[in-house]
Amino acid sequence: MIEMNEPAPPNALDENRQGLIGRPLDRVDGPWKVMGKAPYAFEVRETAKPAYGCIVEATIAKGSIVAIDTREAERSGGVLLVLTHRNAPRQGSYNLEDKDDRFARARPQLADATVRHYGQPVAFVVAETFEQARLAAQRIRVRYAPKGGDFDLEASLEKAAKPRSDDPRRQPDTRVGNFEQAFARAEVRIDQRYTTPFHAHAQMEPHAALAQWEGDRVTVHCSSQLLESAQKCLAKTLRIPVEKVRIVSRFIGGGFGGKLPLYGDAILSAIAARMLKRPVKTALTRQQMFHVTTHRSSTIQRVRLGAGADGRLTAIAHEAWSHSARFDDFFETAAAQTRSLYAGAHRMTRQRRVPLDLPVSDSTRAPGEAVGLLALEVAMDELAERLALDPVELRIRNEPEQDPELHIPYSTRQLVRCLREGAERFGWAGRSAAPRARTEGRQWIGLGMAAATRGNFLRPSKCQVRLEADGTLTARMSMTDIGTGSYTIFTQIAAEMLGLPPERVRMELGDSDLPETAGSGGSFGAASAGSALFDACQRLRGRIAERAGIAADAAVFADGAVRGDGRSLSLKELAAANVLSADGEIKPGRLLKDYSQQAYGAQFAEVSVDMDTGEIR
């Protein structure tokens, strides 16, 4: 097990003897997908003929169910089960005090007659075919008692609350120095307000699930980025031991945060499959994904920058308001990246959550940074214009020597390099700073840039590797692939470590029965699971070297063989008599506390705006 208390020393991956790390490689899973041999959740072949589920959504925004008539639906052809709050089994409660992780909380379905948001599931129909289930779902009659609610962020700001966070690095508020005094004394000041709208996920693969029981254990094939969280969520919801739940998600047609939680398609399928004693499949329609799954919160942000005439920041403040579902506690960390991106002695960030009667909002493609950097970077551009200073130069002048709020060193800091190299590649030096100075016909042409940053996280993960008798390597872990190339990335790591060609490495991923990993999310998946794989391969190298009679520090792995101490033996020959295996594990250790860990980028763009229509390209 590797615990990251010190920076990693030089290792076999650094040597890159095979040249596999950093080399273009065709996607390992590409042929499977092209030939249709990579089954997504809804395409998995089950052991028995499945029934099909269809969710009925609430048609009011808030209120309660007064009456629900399911008689016509129950008489409809092929219908096997109609679930409502009247006959749904007892489930675990959604508990904000659950200290596990928010994606592991119970998510009860059809629990009562209360309608908390538009599109909330109010009934679930299961039939022999999808068409029969959909037709029967349309025949359910629901009578509601609507209630007034809050639906607009701007109109509800007075109800903003300070979010709770148990993570010391995710606190809603920070303060360093005396912002108000420094801002009042600044030679140049920017005080601007920015808004961002809701963002809805639109992955190519809609959420879908297949649930089937074997005795008292359920297996759910679904689209889930975090298998262990999904496993705990379903166990808590169904009120069964976690070892009685298996989550399988080998191929995912896009995630981006929208498949971090488990949703009604999986939970209702599991409930119905247990009641009917047969597999149940459910897929959300594209329309249902807007209400049954999560979305990005809308935000209102205020950014204040104070600087000297030379452009060096003396005061930085970033305040952000975002909405959440009334019964949830998620908030968009839009001000978080401002805490470490630029220098400035006097600083303040404040984040507030506004409860609204809307569907649950949650992580969506770089949660926090995507909308927060928009506000900060536009404010920086406005400061550059006020100072008549190049925007790239303004950012370089405000490069911090250490994290300006945590007062600890950066693990690595490459922003200035990104800015300079990006400017050179883009031809930024030829830019005209004056707005609307360049035209092409009826198009205004402008150039722009922005800095980018994203937290660099490491999460606990495990892996098992095995050198088979035929000389191939099998690596097993529960890590998922949301289209980002997990199968290929890990194949490269394993092949490089063992000196094997990529085609002699087999990855087994996406099953909660495999060694636990952090999963895909927050840009931590490849680093965390890849580090566990590295540790497992490193341990396996030691065992192979021992069996070959070669000192571990002298062993060289290449071309399917191990060489050293004047000997050379093929891995196939060494494993033929007895399969060799090893387990690996990574834990963050002290490095997360000792270093500010961020990744960096610089974006450059050429934009055209139509003078007449405002169309942007």
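**What covers helix H11**

Modeller: Helix H10 (391-397), strand E20 (443-455) and strand E28 (598-610) are among what covers the buried residues of H11. Helices (H or I, at least four residues) and strands (E, at least two) are DSSP runs, numbered from the N terminus. This is a predicted model, in which local features need pLDDT of at least 70, side-chain atom pairs count only at pLDDT 80 or more, and totals for chains, interfaces and linings use all residues. Residues are numbered from 1 along each chain as its sequence is written, and side-chain values use heavy atoms, with hydrogens and water left out.

Biologist: Which residues of H11 are buried?

Modeller: Leu415, Val416, Leu419, Gly422 and Ala423 are. Buried means under 20% relative accessible area, exposed over 50%, partly exposed in between (1.4 Å probe, protein chains only).

Biologist: What puts them on the same side of H11?

Modeller: They cover an arc of only 140° around the axis, so they lie on the same side of H11. The arc is that of the directions from the helix axis to the C-beta atoms. On the face turned away from the buried side are the exposed residues Arg417, Arg420, Glu424 and Arg425.

Biologist: How does the span of H11 compare with the expected one?

Modeller: The expected span is 1.5 Å times one less than the number of residues. H11 (residues 415-426) has twelve residues and reaches 16 Å from its first C-alpha to its last, close to the 16 Å expected. Glycine 427 follows H11 and has a positive phi, near 80°.

Biologist: Why is serine 596 called buried?

Modeller: Serine 596 has a relative accessible area of 1%, and the limit for buried is under 20%, so the word applies. Serine 596 sits in the loop between helix H15 (591-594) and E28.

Biologist: What makes the pairing of serine 596 with aspartate 403 a polar contact?

Modeller: The term needs a pair of N or O atoms within 3.5 Å; within protein, one must be able to donate a hydrogen and the other to accept it, and residues adjacent in sequence count only if both atoms are side-chain atoms. The two side chains make such a contact at 2.8 Å.

Biologist: Why is the chain called as compact as a globular protein of its length?

Modeller: The chain has 15 helices and 28 strands. Its radius of gyration is 27 Å, close to the 25 Å that the globule rule gives for 617 residues, so the description holds. That radius is taken over C-alpha atoms, and the rule is 2.2 Å times the number of residues to the power 0.38.

Key. Contact = heavy atoms within 4.5 Å.
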